Amino acid sequence: MLFVVCLLPVAWYAGDLLMHGVQGVFERYADPIKTIEHQSGIWALRFLILTLAMTPLRLLTGSLWPIRYRRMLGLFAFFYACLHFLVYLFLDLEFDLADVTEDILERPYITIGLTALLLMLPLAVTSTRGWMRRLGRRWKRLHRLAYVAAVLAVMHFWWLVKLDISEPLAYALILAVLFGIRLVARQRQVARYMRRVSSPDGAKRNPG
Amino acid sequence: MLIKRPDDIPASEITDPELYRQRRRFLQQGVAVAGAALTAGLWLPDSVEAGTRLANVKKSVWRVDEPLTPYRHVTGYNNFYEFGTSKAAPARYAPKTLKPRPWRVTIDGECEKPGRMDIDDLIRPHALEERIYRFRCVEAWSMVIPWVGIPLGAILRRFRPTSKAKYVRFETLLDPEQMPGQRTRLLRWPYVEGLRIDEAMHPLTILAVGLYGEVLPHQNGAPLRLVVPWKYGFKSIKSIVRISFVERMPRTSWNLAAPHEYGFYANVNPHVAHPRWSQRKERRIGEFRRRKTLMFNGYADQVAGLYKGMDLRRYY
Ligand code: HEM
């Protein structure tokens with residue numbers, strides 16, 4: 001069910017293409033290539049943020065269900081980011097390698113977008129149960145890269161807008177709130193632990 | 001989760017402009033017939049509404065031999081930050097709030113006959129011409145647009161600029177009621193643009209009052225806008241209320257907002273990149289493949305002489 005919902009953004013534009021054909025799409029949208037480039041970028045960022053919202057949600061609600069959706073949301077973030085990159089590479093720049101290299105080397109917002117995408121790649125690969133088991137504790141550390149990717153993606157967005165930073169700012173604020181919740185939860189955990197360790201019966205229970 | 005409407009509303013959700021214009025014309029003909037019956041010969045203010053056909057428009061030799069960009073994209077996809085920052089915003093909001101009549105224009109500064117006059121008085125002495133120009137946005141998309149207008153030089157000469165008039169400064173209306181985007185502080189309002197006097201007097205530079213043979217739609221800068229076809233689109237200032245002859249180079253809006261990205265000259269130049277995108281190629285709206293951007297947007301034969309000896313990398 002959620003799977004289908006996650007496909008809606010791409011299905012919407014695919015439907016346009018099927019119903020109206022390439023010609024029709026160019027009549028309806030002034031610049032359809034830019035439109036999908038923007039929409040896929042935006043949805044990649046939204047899914048990435050949703051993915052990162054699952055742990056705070058668990059902390060707030062105390063129930064485990066958000067964690068069950070985390071992997072799927074993360075993979076959709078990766079899916080839309082790949083789509084975004086492919087649209088950029090093949091439809092926008094028409095695979096002109098000189099243009100692509102110039103973009104990557106000279107335009108920080110592209111460099112940083114590519115970095116975000118490359119960071120997401122190992123996360124997508126190691127998202128299976130098998131890899132989780134194999135990596136053990138290291139899996140968690142590795143997947144902290146998702147935060148880095150999200151921050152880079154917001155910076156990518158911030159640097160590419162001409163003047164109106166309101167949209168990237170909104171995403172930056174959401175990210176900040178999500179980080180905030182984790183931080184507070186973590187501090188409480190530490191405080192609880194400290195209390196337990198320093199109280200006399202706690203000390204009894206934890207000799208050494 | 002933040003769910004936003006996509007920036008580009010499918011054009012199909014907007015009233016089909018053909019249908020819209022047919023309705024308009026039908027209404028106007030009705031008004032015209034009724035008006036003529038009652039007050040034969042009286043000037044009808046309705047006849048300057050957006051979408052009305054302009055009479056006696058001369059074809060000019062300045063016509064690009066490339067397919068025209070469809071009307072719905074010319075009028076449905078553009079930048080006009082006074083109405084919002086998305087490309088669909090001008091078409092959505094400008095017709096609701098902008099009032100292009102009555103409209104007064106001030107011409108002042110270094111000239112012998114400054115004045116403030118109604119736009120119709122400003123325009124009336126001149127023949128309207130159709131100019132089919134390429135239009136190249138700094139964001140690397142482009143169009144081909146059949147403007148209707150008057151050479152700017154012909155208008156400016158009426159006010160007898162003095163030898164101190166080295167530049168011409170243009171100003172858009174400042175009125176947040178009519179232009180709600182001016183409540184933000186994205187740009188310094190009112191929008192200001194400028195040209196060197198020789199650029200302003202160049203025969204390719206026009207003041208447009210229409211497109212596609214009709215009165216200029218609100219979202220395209222009604223009732224009066226500049227069109228300088230060899231420069232990036234942001235130079236072609238819209239909804240002008242003031243034209244001033246000045247001695248010093250005016251500070252222009254985009255240049256003030258981001259001086260390293262937008263220069264005063266802003267000539268279309270495939271060899272000088274914008275910091276965030278190359279300018280070598282452009283996507284013509286409606287076309288699948290990009291095309292090469294031409295020096296001075298294809299008008300090099302006519303305008304390259306204006307910049308002889310100038311370092312165009314420095315004066316971007
Ligand atoms: C190889 C990596 C990437 C490249 C080359 C790339 C390139 C681009 C380009 C060219 C644009 C459009 C700029 C314009 O307005 O002209 C864009 C927009 C955008 N990209 Fe990326 N991007 C990459 C990765 C990512 C990733 C990983 C994300 C998010 C997770 C992302 C999110 C966005 C967003 C949110 C936008 C703005 C959409 C809008 O304007 O509405 N990008 N990107």
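## Terms and model

Helices (H or I, at least four residues) and strands (E, at least two) are DSSP runs, numbered from the N terminus. The structure is a predicted model, in which local features need pLDDT of at least 70 and side-chain atom pairs count only at pLDDT 80 or more, while totals for chains, interfaces and linings use all residues. Residues are numbered from 1 along each chain as its sequence is written, chains are lettered from A and ligands numbered from 1 in the order in which they are written, and side-chain values use heavy atoms, with hydrogens and water left out.

Side chains of opposite charge can pair when their charged atoms come close. Here a salt bridge is a side-chain nitrogen of Lys or Arg within 4 Å of a carboxyl oxygen of Asp or Glu. Over all chains, 35 salt bridges are counted.

One of them joins A:Asp92 to B:Arg283, at 3.7 Å from N to O. This pair crosses between chains, with A:Asp92 in helix 3 (residues 65–92) of chain A and B:Arg283 in strand 12 (residues 281–284) of chain B. B:Arg283 also forms a salt bridge with A:Glu94, where the closest N and O atoms are 3.9 Å apart. A:Glu94 lies in the loop between helix 3 and helix 4 (97–106) of chain A, and B:Arg283 in strand 12 of chain B, so this pair too joins two chains.

Are these three residues buried or exposed? Buried means under 20% relative accessible area, exposed over 50%, and partly exposed in between (1.4 Å probe, protein chains only). A:Asp92 is buried because its relative accessible area is 10%. B:Arg283 is buried at 5%, and A:Glu94 is buried at 18%.

## Other salt bridges

A network of salt bridges links A:Asp96, A:Asp99, A:Glu102, A:Asp103, A:Arg107, B:Arg280, B:Lys281 and B:Arg290.

Within chain B, B:Asp108 and B:Arg242 meet in a salt bridge of 3.0 Å, N to O. The two residues are 134 residues apart and link distant parts of the chain, B:Asp108 being in strand 2 (residues 104–109) and B:Arg242 in strand 11 (residues 240–246) of chain B. B:Asp108 is buried at 17% relative accessible area, whereas B:Arg242 is partly exposed at 30%.

Strand 5 (residues 141–151) of chain B is largely enclosed by the rest of the structure, because 11 of its 11 residues are buried. Two strands pair if DSSP finds at least two bridges between them.

Strand 5 of chain B pairs with strand 4 (residues 128–136) of chain B in the antiparallel sense, over eight bridges; B:Tyr133 stands opposite B:Ile145 in strand 5. These two strands form a hairpin with four residues between them, and B:Ala140 in the turn has a positive phi of about 75°. Strand 8 (residues 206–211) of chain B is also antiparallel to strand 5 of chain B, over five bridges, with B:Ile150 opposite B:Leu207. Strand 12 of chain B runs parallel to strand 5 of chain B, and two bridges join them. There, B:Trp141 has B:Arg283 as its bridge partner.

Patches are made of residues with over 30% relative accessible area and no salt bridge: like charges are joined within 9 Å, nonpolar side chains (Val, Leu, Ile, Met, Phe, Trp, Tyr) within 5 Å. Accessible areas come from the Shrake-Rupley method with a 1.4 Å probe; for residues, only the protein chains shown count as cover.

A:Trp158, A:Trp159, A:Ile165, A:Leu169 and A:Leu173 form a nonpolar surface patch, with about 440 Å² of accessible area together. Helix 8 (145–160) and helix 9 (166–198) of chain A each supply at least two of the patch residues. A:Trp159, in helix 8 of chain A, is partly exposed at 39% relative accessible area.
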